[in-house]
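Please study the sequence and the model shown here.

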Amino acid sequence: MAHTNAQRQSAFRQRHLKGIDEDIEMLERINALVHFAAKRNLERLACHHGMTQRAVLEWVLDEAVGRVLNTLDGPAQDAFLDLEPVLRSNEEGEAKH
């Protein structure tokens, strides 16, 4: 019996959930509404570089993380990578971990 579109989509999602199979690239779903201009910029970058929108988004995020890490010392890098919140004071440029 043929599967419905919903059944095929459900099976795809199940196959690509985190932690199911180490041999498959694990994916996480991001559902977000973004400004129209941001979406168009993502499309433009993807078209310009001959990449998928997903690949562009991953690339841009990797670049941004690399730039942040280059500005942090060891303990601050650890806090960043461990997703510890940064407590910002009222003094400009001052942050506490």
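Which kind of contact joins the side chains of Glu 43 and Lys 39? They meet in a salt bridge, at 3.0 Å from N to O; the term denotes a side-chain nitrogen of Lys or Arg within 4 Å of a carboxyl oxygen of Asp or Glu. This is a predicted model, in which local features need pLDDT of at least 70 and side-chain atom pairs count only at pLDDT 80 or more, while totals for chains, interfaces and linings use all residues. Residues are numbered from 1 along each chain as its sequence is written, and side-chain values use heavy atoms, leaving out hydrogens and water.

Both Glu 43 and Lys 39 belong to helix H2 (residues 36-49), 4 residues apart, about one turn of the helix. Helices (H or I, at least four residues) are DSSP runs numbered from the N terminus. Glu 43 also forms a salt bridge with Arg 40, at 2.7 Å from N to O. A further salt bridge links Arg 54 and Glu 58 at 3.1 Å, N to O. These two residues are 4 apart in helix H3, and are therefore separated by about one helical turn.

Helix H3 (53-71) and helix H4 (74-81) each supply at least two of its residues.
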